[in-house]
Amino acid sequence: MNSTTKSSVLVLLVACGLFIAACGGSDSGSGGGGKLSLVAYSTPKEAYDEIVPAFEKTAAGKGTTFTTSYGNSGDQARAVISGLPTDIAALSLEPDITKLVDDKLVSPGWQSATSTKGIVTHSVVALAVRKGNPKHITGWADLIKPGVQVVTPNPFTSGGARWNIMAAYGAQIQQGKTEAQATDYLQKLFKNVASQDKSAREALQTFTGGKGDVLISYENEALTAIAKGQKLDYVIPDETILIENPIAVTTDAGPKAKAFVDYAVSKPAQKIFAAKGYRSVIPSLVDKTKYPDPPKEFNITKFGGWATVMKKFFDPKDSVMQRIEKGLGVSTG
């Protein structure tokens, strides 16, 4: 066999190997095993790093193996639509699952698949600050003061950023302000934003790397950073939003994928989520001494639900945040 023939055979073998690997992310369905592909947003990685092997040890998960992918929620949804092998999508917010429904990759009835209406974790938006809180941050009003640098992800790539923005906006409404005043608050807030990373996890890395005075983030992200030895504190504002993170199986996934979703909302997995700073979707597992209810907590239905919110606040061509970002010279593409 000459060198040219050898090279051709090698290329063919590599191509076949890549094809098999790409097709190997699907649940084999019946039988004792199956390879599952979990595609998730960035922040719950530490939790799934424990939940996946715990599921594999159960009777329902016996013989399964996993591939996992983590990134900002918007990019992950687009990757699934573009063909990334996926059996389970665990994303930051409902609209990213809705994109998969629109492409017929997830069933329209995904919310009825679990007793938690398709929600796998809860959290609230928190304000992470430097150790000792040198800027004396106590609530939303402090974030628009002169000299305060804020870190939050880009709302046109990050689901976490959208939760942050709706928390900030909704807090103003909870304080009795008008919609115009709440929008004006967002404009002032983003004038103080020093960094807009693509994902919540990248924003955390930017903040722990030394940039900014305040990070708007999930409560669980702050707790994860503290658990890893990062020198920061966090504040839960009186007015903040309940974060609800969805999970769904894809239409081509087999029963093992459904079994994993069932496990993710069960007590064993929810205890792992709780240990990683999430507020469990099982009320009895929420330790109120560690996770007290914010006195003026609200949820996304306050603004008409995600379909209304996405159009009004996050349409990349014409919306509240598009106009704010355009004024700052930030891309919304």
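Which residues in α5 meet which residues in α11? The close-ups below start there. This is a predicted model, where local features need pLDDT of at least 70, side-chain atom pairs count only at pLDDT 80 or more, and totals for chains, interfaces and linings use all residues. Residues are numbered from 1 along each chain as its sequence is written, and side-chain values use heavy atoms, with hydrogens and water left out.

**View 1. Helices α5 and α11 meet.** On the α5 side we have Arg-162, Trp-163, Ile-165, Met-166 and Tyr-169, and they meet Trp-306, Val-309, Met-310, Lys-312, Phe-313 and Phe-314 in α11 (contact means heavy atoms within 4.5 Å). Sorted by type, the residues of this contact are nine nonpolar, no polar and two charged (Ala, Val, Leu, Ile, Met, Phe, Trp, Tyr, Cys and Pro count as nonpolar, Asp, Glu, Lys and Arg as charged, and the others, Gly among them, as polar). The axes of α5 and α11 (residues 306-314) come within 12 Å and cross at roughly 85°; axes are lines fitted to C-alpha atoms, for helices over the stretch in contact, with angles from 0 to 180 degrees between N-to-C directions. The two helices are therefore roughly perpendicular to each other, a label that covers 65 to 115 degrees. Helices (H or I, at least four residues) and strands (E, at least two) are DSSP runs, numbered from the N terminus.

**View 2. The largest nonpolar core has 66 residues.** A nonpolar core is a set of buried Ala, Val, Leu, Ile, Met, Phe, Trp, Tyr and Cys residues joined through side-chain atoms within 4.5 Å; buried means under 20% relative accessible area, exposed over 50%, partly exposed in between (1.4 Å probe, protein chains only). Tyr-48, Trp-140, Leu-143, Met-166 and Leu-186 have the most contacts inside this core. Helix α5 (residues 159-174) gives the largest share of the core, seven residues. Apart from it lies another core, of 11 residues, including Val-39 and Leu-91.

**View 3. Helix α3 (residues 73-81) has buried residues.** They are Ser-73, Gly-74, Gln-76, Ala-77 and Val-80. Looking down the axis of α3, these fall within an arc of 165°, so they line one face of the helix; the arc is that of the directions from the helix axis to the C-beta atoms. Among what covers them are β1 (34-41), β2 (64-71), α4 and α5. After α3 comes Gly-83, with a positive phi near 120°.

**View 4. Ser-112 sits in a loop.** That loop runs between α4 (94-102) and β4 (119-130). Ser-112 counts as exposed because its relative accessibility is 63%.

Note on methods: Angles under 35 degrees count as roughly parallel, over 145 as roughly antiparallel, 65 to 115 as roughly perpendicular and the rest as oblique.
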